[in-house]
Amino acid sequence: MLKYIGYSGIGIFIGILGALFGLGGGFLIVPTLNLLGVEIHHAVGTSLAAIPFTSLSAVIVYSRQKRIHYKSGMSLAFPSILGAYIGAWLTSYLSSNVLKVFFGMALFFVSIKMFRGKSIEVHQITLEELKPNYVLLSIWGFMVGILSGLLGFGGGAINVPFLVYLGFPIHYAVATSIFATFFTGMSGAIKHYALGNIEVQWLLVLVPGLIIGAQIGARTAKRIKAHNLKRAFAVVLAFLAIRMILKGLGFTIP
């Protein structure tokens, strides 16, 4: 019994971080399940099946806070679904290890830029005032989908920095990213369900904690100043970048 309470606690922790940084939580669910003995392909499939629950829980809070730019989120999400299938197909023809090293280095550079860059507070601009280039967002979403399918990472890691680059306050970028993650997670979950890669028993253990954690994370983000949230995101991004580089170099990392 205590073991399952502990697993629920892990789910809460992952849900908090996933909602707080707009990443969905997959960056922690996969290595956690793998360390607990779940085969890596099943860990990835189960993670993708869990992400929509985390995302939807956080989206409910962010929607009430009026921090989601829905048109931008859809511009990112729908092209990424097609891109993810193309990326998965390309894995049969391309070695992902070299790409992981170079892409990880690029992410690390982005994390440094984010850590040092200036921040826009939510009171400085409203959602209605944001006028991004939707064609550019759609192209970006498609490219993110390809990289996601090819390298096996969630799109939030680069969607958030890109939205910040386009002038979004970090709070809006995180909320919009988690909205987009719901659709991409659903797409990936359907594909992995067909492949038999989803461990239902682990979903039942983790999902309640993920939902609770996502609620806490989304509510906590509102209380954090943009400057601090942006720097915290940059630190998490640097961690993801280093992990990707090490995996690309052949180190055994879950």
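A charge sits over a ring if NZ of Lys or CZ of Arg is within 6 Å of the ring centre and within 35 degrees of the ring normal. The structure shown is a predicted model.

**Exercise 1. Charges over rings**

Determine over which ring the charged end of K71 sits, and over which ring that of R231 sits.

*Solution.* Step 1: The charged end of K71 is placed over the ring of Y134, at 4.4 Å from the ring centre.

**Exercise 2. Aromatic pairs**

Classify the pair formed by W140 and F162, and then the pair formed by F182 and F183.

*Solution.* Step 1: A pair of aromatic rings is described by the distance of the centres and the angle of the planes. Step 2: Ring centres must lie within 6.5 Å; planes under 30 degrees apart count as stacked, and planes over 60 degrees apart as edge-to-face. By this rule there are seven aromatic pairs. Step 3: The centres of W140 and F162 are 4.0 Å apart with 5 degrees between the planes, and the pair is stacked. This pair joins distant parts of the chain, since W140 belongs to helix α6 (residues 134–151) and F162 to helix α7 (residues 156–165), 22 residues apart. W140 is partly exposed at 23% relative accessible area, whereas F162 is buried at 10%. Step 4: The rings of F182 and F183 have centres 5.4 Å apart and planes at 80 degrees, so this pair is edge-to-face. F182 is partly exposed at 22%, and F183 is partly exposed at 23%. Step 5: F182 and F183 also belong to one aromatic cluster with Y70, F78 and F179.

**Exercise 3. The course of helix α9**

Compare the span of helix α9 with the expected span, and state at which residue α9 bends.

*Solution.* Step 1: Helix α9 covers residues 200–221, which is 22 residues. Step 2: From the first C-alpha to the last, α9 reaches 30 Å, close to the 32 Å expected at 1.5 Å a residue. Step 3: The bend in α9 is at L206 and amounts to about 35 degrees; the proline P208 follows within four residues.

Terms used
Residues numbered from 1 in each chain as written. Predicted model: local features only at pLDDT ≥ 70, side-chain atom pairs only at ≥ 80, totals over all residues. Heavy atoms only, no water. Phe/Tyr/Trp six-rings, centres within 6.5 Å; stacked < 30°, edge-to-face > 60°. Helix = DSSP H or I, 4+ residues; strand = E, 2+ residues; numbered from the N terminus. Buried < 20%, exposed > 50% of the residue type's maximum accessible area, 1.4 Å probe, protein only. Expected span 1.5 Å × (residues − 1). Bend = angle between axes of the 7 residues up to and from the residue.
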